[in-house]
Amino acid sequence: MYKILVVEDDQKIQKALAHLLKAENYDFVQAYDGEAAVEHFYRENFDLVILDLNLPKQDGFSVLKEIKNREDVPVIILTARGEEMDKITGFTLGVDDYLTKPFSPAELMLRIKAVLRRYRKGRGEEEILKYGKVAVNLKTREVLKNGEPVELTSKEYALLELLFKNPNRIFTKEQIMDRLWPDTFPEDPNIVSVLVRRLREKIEEDPSSPRIIKTVWGVGYKAEKI
């Protein structure tokens, strides 16, 4: 099921969008201002963002920049601002589609499906992820370092795939545990730290000074391309 972040300060429009998305069986999270949108985006994983521009606390273009700087997630701007310069700015910043209000619900749903379809196709073509001298084949689950096979446990591979598929995206320990142990909560609170250490020992040139899997102190972990 696709998960969509809907950023819109108008409660009536949020209600209408919720009705549309529920009818199509999309999972979604609603944010009513720019700051809340960024907080949700940092904490959760989304397949698409529907973004208004005229937002309280943090404007839409600023939110768009933060989203695109962190992760390549498709964004549809849905706004009353139909000026050419706004559209140019949006597409320059990496927006995938731009729809002005008032909008046709049927047209919006078609655009959502089209963007998700393009994005899914593009992601599907990327079968091998490379981070420095480490390569991961997503189809065969083979991991190579300097061209040599690396043996990983199922949890080590799951963590590696999670981080590599989301470059520069910070995952908290709680998010990693939710992803890797969705049905049971590990008793050992240090299990993620231990898993990260073991993975670094296998893929980093110098595990004591990692260049790929980075610790973001007080927050979590992320993968950086080198």
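**Entry 1: T89**

I began with the side chain of T89, which reaches the backbone oxygen of M85 at 2.9 Å. The model I am reading is a predicted one. I placed T89 in helix α4, which covers residues 84–92.

**Entry 2: the protein as a whole**

I noted eight helices and 12 strands in the protein. Along its principal axes, the C-alpha trace spans about 55 × 35 × 30 Å. Of the 226 residues in the protein, 46% are buried. Among contacts with a separation of 6 or more, 57% are between residues 24 or more positions apart.

**Entry 3: D52**

I turned to D52, which I found in the loop between β3 (48–51) and α3 (60–70). Is D52 buried or exposed? D52 is buried, because its relative accessible area is 3%, and the cut-off for buried is under 20%. I looked for a polar partner and found T79: the two side chains are joined by a polar contact of 3.5 Å. Setting aside neighbours within four places in sequence, I listed the residues in contact with D52 as V7, E8, D9, G60, L78, T79 and K101.

**Entry 4: the nonpolar cores**

I recorded that nonpolar side chains tend to be buried together in soluble globular proteins. I then looked up the largest nonpolar core here, which has 26 residues. L159, F164 and I176 are the residues with the most contacts inside this core. Which elements give two or more residues to the core? I noted three strands and helices by name: β6 (128–131), β7 (134–137) and β12 (220–223) on the one hand, and α6 (154–164), α7 (173–180) and α8 (191–203) on the other. Helix α6 gives the most, with six residues.

I followed I176 further. Not counting residues up to four places away in sequence, I176 touches L159, L162, F171, V192 and Y221. Apart from this core I found another, of 22 residues, with A36, F41, L51 and L53 among them.

**Entry 5: the two domains**

I consulted the domain assignment, which gives domain 1 (3–123) and domain 2 (128–223). The centres of domain 1 and domain 2, taken over C-alpha atoms, are separated by 29 Å. Eight residues from domain 1 and nine residues from domain 2 take part in the contact.

How much area do domain 1 and domain 2 bury between them? The figure is about 740 Å², with 21% of it on carbon and sulfur atoms. I searched the interface of the two domains for salt bridges and found zero. A search for polar contacts across the interface of domain 1 and domain 2 gave one residue pair, both at pLDDT 80 or more. On the side of domain 1 that touches domain 2, helix α2 (residues 34–43) supplies the largest share, three residues.

Notes:
Residues are numbered from 1 along each chain as its sequence is written. This is a predicted model: local features need pLDDT of at least 70, side-chain atom pairs count only at pLDDT 80 or more; totals for chains, interfaces and linings use all residues. Side-chain values use heavy atoms; hydrogens and water are left out. A nonpolar core is a set of buried Ala, Val, Leu, Ile, Met, Phe, Trp, Tyr and Cys residues joined through side-chain atoms within 4.5 Å. Buried means under 20% relative accessible area, exposed over 50%, partly exposed in between (1.4 Å probe, protein chains only). Helices (H or I, at least four residues) and strands (E, at least two) are DSSP runs, numbered from the N terminus. Contact means heavy atoms within 4.5 Å. A polar contact is a pair of N or O atoms within 3.5 Å; within protein, one must be able to donate a hydrogen and the other to accept it, and residues adjacent in sequence count only if both atoms are side-chain atoms. Domain bounds come from an automatic or database domain assignment. Buried area is the accessible area (1.4 Å probe) that two parts lose on being put together, summed over both. A salt bridge is a side-chain nitrogen of Lys or Arg within 4 Å of a carboxyl oxygen of Asp or Glu.
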